[in-house]
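Please look through the structure shown here.

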Amino acid sequence: MKQYDIIVVGSSAAGIPAATTARKYYPEKSILLVRDVEFVPIPCGIPYIYGTVNDPMKNLIPVTKIAEGNKLDMEVALVESIDRENKTITTNTGNVFGYDRLVLATGSKPIVPNLKGVDKGHVYPIKKNAIYLKEIQDQLDQSKSVVVIGGGFIGAEMAEECKKHNPELDVTIVEMQDHILKLVYDEEFCVLAEEALVNQGIHLALNEQVIELAGTDVVNTVKLASGKELKADMVILGIGAVPNTDLALSAGLELGATKGIKVDKYQRTTDKNIFACGDCADKFSFFNGKPSYLKLASIATMEARIAGINLFKTRRLNQGVVGCFSTAIGGKAFAAAGITEAGAKDHCCEVVVGTAAGINRHPGLMPGGDDLKVKLIFEKATQKIIGGELYGAYSAGELINAISAFISKGMTAEEIATFQAGTHPALTASPIAYQLVNAAEMAEVKLYRD
């Protein structure tokens, strides 16, 4: 048995930053990074395997390079058990490793609904396994029609990339709600995303529920509750994910309200020597402390950096999940952070909204110019920003990160309207027409009038 100061189980968006953070703050400690697959996909890049990069092996986290650069030992094996009393882990290869501190970053598993026919061939949940993802690509090459179940980020991105892979492919998204992406965006942004998909020839079946995946050995038809039937040579399940807690449960660790591993604000589990972070860990909302089911790389890395620094001394505190999203559909960026205007009703707060739109260059003829719309949402009582949504130019992908920071620091409309934004003709909108500032100003005008 080999002894380590720190063992991290998992090497994706949580495991790697947990290990590298630990290395930064505890340079003298020995660290082992354990992963259960040789090739670790970049989670957010999975849809783009099929239409943009065209190869699962081009969408990998360089785990070996990172480990070598941070002096981490590596083990490719599945951890089968944890002996908490003796502080050891045992792998499927028969190896036993001792630890002083253990970090569980075991991620999540795709949701597979209890649906008739879901076990048929050519039905694919999205698993984080490069070899498995290649199987999906091979089947895509042989298919003429594909149905994507779920209209969230995964569903929309998979549908677009499948269509990009083969423009002749018949692609349909089935979504139970009246709009795709509804959990993230307000209706006006959802409609823009839907239009972008339809313009590419992607069909949308909204307000529809799948009741059966029909066929013999393999799926050939998707039956809907409305009575409609969709031809499908393959089905992609993009419904979401649940925490992967199998290892934690077998070790007797407690689960939290979201069925993730129960952790405190320092990412400690119910065993003081074991920490958890990422999709496998329980989460709570930044806004009201209630359970949060969000699973994002941005959340995973945040939690990992908290866990990694707190292993031997508590220094960082988890303030809760803000939720910061971005995607690209039809050549336009869609980004959001915090609470939507519609979602504010669930938080029982009255809001004031400010919007601004314009080109993201000055003058507008500068190369790379594109329109950008900004919507900011403020709690009326405190005037603090609680949400933001962006559409248009790809610069939205970075601007939403600033909005997330504003939310986490509780900035007011006035503070955002008067913050000093650096601008340049080739890089940003004019300082006069800077959308972020002007949207805050418009909200403040409403607050002032009230």
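Which residues does Cys349 touch, not counting residues up to four places away in sequence? Cys349 touches Ala344, Glu379 and Ile386, where contact means heavy atoms within 4.5 Å. This is a predicted model, in which local features need pLDDT of at least 70 and side-chain atom pairs count only at pLDDT 80 or more, while totals for chains, interfaces and linings use all residues. Residues are numbered from 1 along each chain as its sequence is written, and side-chain values use heavy atoms, with hydrogens and water left out.

Cys349 lies in the loop between strands S19 and S20, the latter covering residues 351-359. Helices (H or I, at least four residues) and strands (E, at least two) are DSSP runs, numbered from the N terminus. Cys349 has a relative accessible area of 18% and is therefore buried; the term stands for under 20%, with exposed over 50% and partly exposed in between (1.4 Å probe, protein chains only). Between the C-alpha atoms of Cys349 and Glu379 there are 6.6 Å, although the two are 30 residues apart along the chain.

Two strands count as paired if DSSP finds at least two bridges between them. Ile329 has Lys332 in S19 as its bridge partner. The two strands, S18 and S19, form a hairpin with 2 residues between them, and Gly330 in the turn has a positive phi of about 60°.

A further sheet is open and has 3 strands in the order S12-S13-S14, with antiparallel pairing. Strand S12 (210-215) and strand S14 (229-231) are at the edges with a single partner strand each, so one side of each has no neighbour in the sheet. Strand S13 (residues 219-224) is joined to S14 over 3 bridges, and Thr221 has Lys231 in S14 as its bridge partner.

Turning to the helices, H7 (residues 297-310) has 14 residues. Of these 14 residues, 10 are buried, among them Ile299, Glu303 and Asn310. Helix H1 (15-25) and strand S17 (274-276) are included in what covers the buried residues of H7. The axes of H1 and H7 come within 7 Å and cross at roughly 35°; axes are lines fitted to C-alpha atoms, for helices over the stretch in contact, and angles run from 0 to 180 degrees between N-to-C directions. In H1, Pro17, Ala18, Thr21, Ala22 and Tyr25 meet Thr301, Ala304, Arg305, Gly308 and Ile309 in H7.

Helix H10 (residues 435-449) has 15 residues. Its buried residues include Leu436, Val437 and Leu447. The buried residues of H10 pack against S20, strand S21 (371-379), helix H8 (396-408) and helix H9 (413-417).

Some backbone details remain. Most residues other than glycine have a negative phi, and most peptide bonds are trans. A cis peptide bond joins His362 and Pro363, with omega about -5°, and Pro363 sits in the loop between S20 and S21. Asn54 has a positive phi near 65° and is partly exposed, at 40% relative accessibility. Lys259 also is not a glycine and has a positive phi, of about 70°. Lys259 is in the loop between helix H6 (246-250) and S17, and is exposed, with a relative accessible area of 57%.

Conventions
The expected span of a helix is 1.5 Å times one less than its number of residues.
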